[in-house]
Amino acid sequence: MLYREAGQFKSSYAQDQQIFPILQDRVGVAALLAVAFVVVPLIGNQYWLQAILTPFLILSLAALGLNILTGYAGQLSLGTAAFMAVGAFMAYNAQLRIPGIPIIGSFVIGGLCAAVVGIVFGLPSLRIKGFYLAVATLACQFFVLWTINRVPWITNNSSSGVITAQKIVILGYPVAHAAGKYLLTLAIVAVMALLAKNLMRSETGRAFMAVRDMDVAASVIGIPMMKTKLLAFAISSFYCGVAGALYAFCYLGTVEPEAFTLDLSFQVLFMIIIGGVGSILGSFLGAAFITLMPIFLNTVSDWISGTFSLEISHALVSNTQAIIFGGLIIFFLIVEPNGLARLWQITKEKLRLWPFPH
Amino acid sequence: MSFFIEVLAGGLLAGVMYSLVALGFVLIYKASGVFNYAQGSMVFFAALCFVSLLEDGINFWVAIVITLAVMVVLGVLTERIVLRPLVNQPPITLFMATIGLSFVLEGISQLIWGSQPHGLELGIQDVPIDWLSQKANINISQLDFFAAFVAGALVAGLAVFFQKTRIGRALRAVADDHQAALSIGIPLQHIWMIVWAVAGFVALVAGLMWGARNGVQYSLTFVALKALPVLILGGFESIPGAIVGGLIIGASEKIAEVYLGPYVGGGIESWFPYVLALAFLLVRPQGLFGEKIIDRV
Amino acid sequence: MSENLSGLDTFPKLLMHHARVRPDRPAIREKDLGIWQTWGWHRLADEVRALANGLAARGFKRGDHLAIVGDNRPRVYAAICAAQCLGGIPVPLYQDAIAAEMVFPIQNAEIEHAVAEDQEQVDKLLEILPQCPSLRHVYFDDPRGLRNYTQPQLMSCERLIEVGHDAMRRDAGFLETEIAKGSGADAAAMFFTSGTTGVPKGVVLTHASLIDRARAAAEMESLSESDVVIAYLPPAWIGQNIFSYAQPFVTGYCICCPESAETVMSDMREIGPTYYFAPPRVLEALLTQVSIRMEDASRLKRAMYRYFMGVARRVGGMLLDGKPVGIGGRLLYALGDLLVYGPLRNVLGMSRVRLAYTAGEAIGPDLFKFYRSIGINLKQLYGSTETSVFVCVQPNGQVKSDTVGPAVKGVELKFTPERELLIRSPGLFKEYYKNPQATAEAKDAQGWFHTGDAGYFDPEGHVKIIDRVKDVGSLADGTLFAPKYLENKLKFFPYVKEAVAFGDRRDRVCVFINMDMDAVGNWAEKRNLAYSGYVDLASHAEVYALVRECVEQVNADLAAEAELANSQIHRFLILHKELDPDDEELTRTRKVRRGFIGEKYAELVAALYDGRKSVHVEAQVRYEDGRTGKISADLRIEDARTFAPAGAKKAA
Amino acid sequence: MSLPPPGEAQGAAPHAAPGGRRVGDVVLSVEGVSLAFGGVKALQDVSFDVREHEVRAIIGPNGAGKSSMLNVLNGVYHPQKGKIRLGKKEFTDMDPHEAAALGIARTFQNIALFRGMTALDNIMTGRNLKMRTSFLEQALWFGRARSEELAHRRAVEEVIDFLEIQHIRRTPVGRLPYGLQKRVELGRALAAEPRILLLDEPMAGMNLEEKQDMCRFILDVNDHYGTTIVLIEHDMGVVMDISDRVVVLDYGRKIGDGTPAEIRGNQAVIDAYLGVTH
């Protein structure tokens, strides 16, 4: 309806290939970014920035990473949390052991280490597929956590395995406030999302999807299986790694290996399923849904206990939440297996053809 | 030497327990191609339900029957509410659905019966079998032995069920191809319901055994994770695979833990089975009993 | 147009001018290889230079004719201008014509050089080579499928351009002098009027006439270089040539060629033209598409659509004409514009259209009003090949559905006693090629062009075309009788498929009606009227009532028009069969053959006039499957209410 | 893939005797190839050669091993015996992507498109071997990666134009009708600008009109780009029309090899088909 595309024509392939070919989309995205970067930090309170938006962004990044691997390259992985853990602890070590390294630098190192681990545990994908591979990635999940617990060097000999992320300093300015951390996260996530989009719309992305859709045909047209699959694992893990580092530095602060259990892996997996497999946008929508829903449920239960002034035990709340959460996921899979991204796509199509139905 | 045998035997017996859980996975995967992650939660659910009934002073066997009924209903409901609407969706979607299901089950069970751990008494002590320890100085828990026995019996029973009964044959047919199953004249939905019911039953048994061993508590849900390496090793579709895989995993895990653990700081049973299974797969991608597929183009 | 174009009296001079003053403004775009490939004026000029030099090198001389056959493509227009550069005369031919139809023009103008778009056109030209010995060079634009053609006449445009470049290297100044030699009085192009009656006639138009008319209209509508036109009608049709050659050359606006005939709709949506021409049938097709697509919409959407179209009908046209509208109406329309009209214009690709013309045939008032009501400035114009199109155009704010507007600046109009429209205008054609006699018949000594169209000036001085002169008669009382005009008015109703009006030299007008089987059929089903077939349905009293409403509506309109008030329809009958070309009742182009029908159904005509209430017919009919059978029926004849000219408005 | 300038016309007009086109020397030869799956003998000691620029057909009853032959030719299957000579190189077995790198492209009997991608992207994948930039450059998009991407887009548009599928450019191939999917798959193969094009029943399951189009495209490809074509086809009429030479397989053995005319006269072939009209 609001899409008025008449007169938006492309006279070069550059125009035709841009990420948002439609003017209205470009405007919308610009506005969104403006709000995220300017308005939110101004109006957002401590709680929202620190406890909701920042983790949301970080998990979006992790979901994005997983989506590259599972959604685009079609390799199911349950080891996301492990890659995040690697990123978190390695970034910590980078800060700890490399004097004067900029924070971004250590994030990158965290990501790279995760990428290496990803490649190692991606090797089985050359022989096995589907759930076999998924289960194989569980090995990564357990092995990594075990290693972190067992190798004192990683946790800098902290007996409990708990580490405390160093203070963030950028160009001499300490980033201590929630807003600062939020902005740092936002910037990194935005840039990495853009890079991912570029990657997915060029040869690499097409190779991933080709492998996902029909590997035999892919190899017949000259796409090297091994390189492509391992690259997918590497890139995906890099994203998860950086997400992990952010998780540690911008969100948790003090980190224990148990912060990165299988549950977290599943949570991220939920995000891409709910959000939309094989869609950058979907990663964000899914993350928003999964992070916001518990908060929503909390407020609801608080509201109930408040209004009807009845004592709700914590167990009750958490269990009901679990039930509703699981239920919602099942519900979503049933109504829209292709996720929120698909819903958005459909709505958009309708708006573009308005008032016609199709 | 006897110590090694003791370890080995212990491992094998534990392996049988793994097989028990793996069996639940295989049954459902074989018939409906669903990787039912909620199997672990079903085990937990069954055990919790049963033990609560006992604590309410209900007779052991009555409790068994009631729990069994509950599990069957649960299975049927799952099939109807969760899986039937998702028919023809990609496997990963179904997989995700079962994860959602696991949340629901765990939530419900703890909502109804509380989350505090329970002990479970089957009347068999978790003490070494005397004559074995005296004769050969090998300590093997009665309970383990009993559990292994039950598991074995169950497997045998299922084998018979699959080979001899009409429904069993139908189930096998479904596994091979759905059209064939239809031609037998049993509607797919029924078959799937039955499968889920059976899976529920298996979960109950596994629940009892594990519950008796480690107590009935949330950690029971993790036995699923124990079963997964068994699955990759034995194959998602092979019942014998589940059994043999379970034994191999159980044994090697214990041995590794005892003889290897000390050098790397212990606790390796969390990942060792997976690595083992992986290593195996790299050599033989089709798993223990699967046969090689050449993808035609 | 601010800039001074005086002295630029030929198209090539105009082109070179634009190449100088706006070298990089887009001159012509074509959707090709997925994007809109764009030529600036400079690029276009280069292309033209190369082609012209090439043609000259291949022996094309001043005064030669260049046949051009192809769909709208940059090269086609470049070729037209190239020929003009050399003082030659481009002769665009209809790309959908069959080979045989190309023989006459090529022979008639002794054409040696031809530019063909692609294999299809080349094949046609090669096919008629034997009949056209003069044709010695055929240049093709798209080499697809032609690589194995070995005929000596063939050469690709690429090659021709290379030849041209070589020639330029030898003699750079040649073309400039050739262009300079040209003058406004030279023939600029020749269009063959489709030979529906007799042999086609080559209408010769000069640079001066084309440029004059193009500029007059452009100034009237203040067209500028920022306008955009989509070229989708045959280049061989004078209108397309005006809109996508003459006018861009005088204003410097950009024309866009669609990717293919199938993609016109989507291409138009992408380009979003600001200046648009469409004959009524195209507008009709678009509207039908809109209605059909709305059918599938959700109930809510349909309701919304219906409601706001109602609003648009009430106030849309008035707003467009700048007439006063109440604040409430304005607000509603604004809302409708957001929800319906805007999106609708958008999906039709007309969001940016600020000027749209329709012409060629009478357009139904509802159709016409639909487009205006959703805010598209659709106007009618009158013109023909012989007049370089622009004779009459409806000025903004004075748009009516039943006139073609007053004369455009520079045109003189008058009506003969027989009501034939005569035109004198700088845009008039030079001659019919090699046909002085026809030329003399069409253009008299005083330079008046006899259009053969009958009409009159309405009170505001707008020209109203009612019929061809030869069909116009008069009633017994001597007042004007224009059967086709009445028939069209009736046919604008969906329920009326064909109508045949009688009244020449009679005291009053009566008509045969052919109802539209589909429309009336649906209507009947909605009211669950049972019927066995056409004849049965036609005999229903309800159907007669339905048709009578239409007839009386027409009468009401006629009463409002002084000239035609007397030709109100007094009696009508619904024919027992559908008029059919196979029975020679219609021409192949579905025009009613009034005389023939009058004789064939003399009995019925008599009945209409002798006041009988019904008449018995027995007739041979040919069914779809070709069998013939006899039907006999009693046709009912009914009277229609007529209105006093004065009281017309109230009654209507 | 700009079209060579016309004028230097070469090749035959569609459906005329393919005499005009200059058929070069042997580019691909198969020598004593045998292939078996478990016990099943798919190919037994098959030898034949393919000349440059020619249209070479492989025919035979169902299960004669035609598809297996093609799969051997581009390394999907590895024969137990025999070798393949491609230009000067000689292989006992090669991997599919090696084959692709050596200029062999192919289509599949049952369409093997990437269903999740648009027609355009599918065809773009055909050019992956020509892409030089690293994934890092691609992630940054600007500079080389971008210009490369756009250059290849143009090349692909040529193919789209050539196959007359402009209108479905942005449609996910999963939603396309069968005939168009076949065309897109051909496009993907063409985008690789192969020296040798293997077509596995390009016209299977098509209606007459679609078949004619496909014939035209195949001949145009062979003619415009001088691509050597090896095709499997059931429709005898088509085969006899468009191919220069024909190999006949039956139960994995070669039972005939020659021009269409010769094949028509070949008794063994006639027996194999037992007058069955395919």
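Trainee: So pLDDT is the predictor's confidence in each residue, from 0 to 100; in which helices of chain D is confidence lowest and highest?

Mentor: In chain D, helix α10 (residues 267-273) has the lowest confidence, with a mean of 82, while helix α3 (residues 119-125) has the highest, at 96. Helices (H or I, at least four residues) and strands (E, at least two) are DSSP runs, numbered from the N terminus. This is a predicted model, in which local features need pLDDT of at least 70 and side-chain atom pairs count only at pLDDT 80 or more, whereas totals for chains, interfaces and linings use all residues. Residues are numbered from 1 along each chain as its sequence is written, and chains are lettered from A and ligands numbered from 1 in the order in which they are written.

Trainee: And what does chain D average?

Mentor: Chain D averages a pLDDT of 86, and 90% of its residues score at least 70. Over residues 1-20 of chain D, however, the pLDDT is below 50, although this stretch has 37 contacts in the model beyond near neighbours in sequence; two residues are in contact if their C-beta atoms, placed from the backbone, lie within 7 Å. Where pLDDT is low, the predicted coordinates should not be read in detail.

Trainee: How about the whole model, what ipTM and pTM does it score?

Mentor: The ipTM is 0.86 and the pTM is 0.88.

Trainee: Which chains have the most contacts between them?

Mentor: Of the five pairs of chains that touch, chains A and B have the most contacts, with 32 residues of chain A in contact with 39 residues of chain B. On the chain A side, α6 (130-150), α11 (262-275) and α13 (314-335) each supply at least two residues, and α13(A) gives the most, with 13 residues. Chains B and C, by contrast, do not touch, and their nearest C-alpha atoms are 26 Å apart.

Trainee: Changing topic, in what order do the four strands of the open sheet in chain D run?

Mentor: The order is β2-β1-β4-β5 in chain D, and the pairing is antiparallel; two strands pair if DSSP finds at least two bridges between them. The strands β2 (40-51) and β5 (89-91) of chain D stand at the edges with a single partner strand each, so one side of each has no neighbour in the sheet. Further in, β1 (residues 26-37) and β4 (residues 81-86) of chain D pair over five bridges, and D:Glu31 has D:Lys83 in β4(D) as its bridge partner.

Trainee: Which helix packs on that sheet?

Mentor: Helix α1 (residues 66-73) of chain D does, touching β1, β2 and β4 of chain D, and its direction makes about 60 degrees with that of β2(D). Here axes are lines fitted to C-alpha atoms, for helices over the stretch in contact, and angles run from 0 to 180 degrees between N-to-C directions.

Trainee: Then D:Asp45, where is its place?

Mentor: D:Asp45 sits in strand β2 of chain D and has a positive phi of about 50 degrees although it is not a glycine.

Trainee: And C:Ser388, is that buried or exposed?

Mentor: C:Ser388 is buried, because 31 other C-beta atoms lie within 10 Å; a residue is buried if 20 or more other C-beta atoms lie within 10 Å of its own, exposed if 12 or fewer, and partly exposed in between, with C-beta atoms placed from the backbone. D:Asp45, with 14 C-beta neighbours inside 10 Å, counts as partly exposed.
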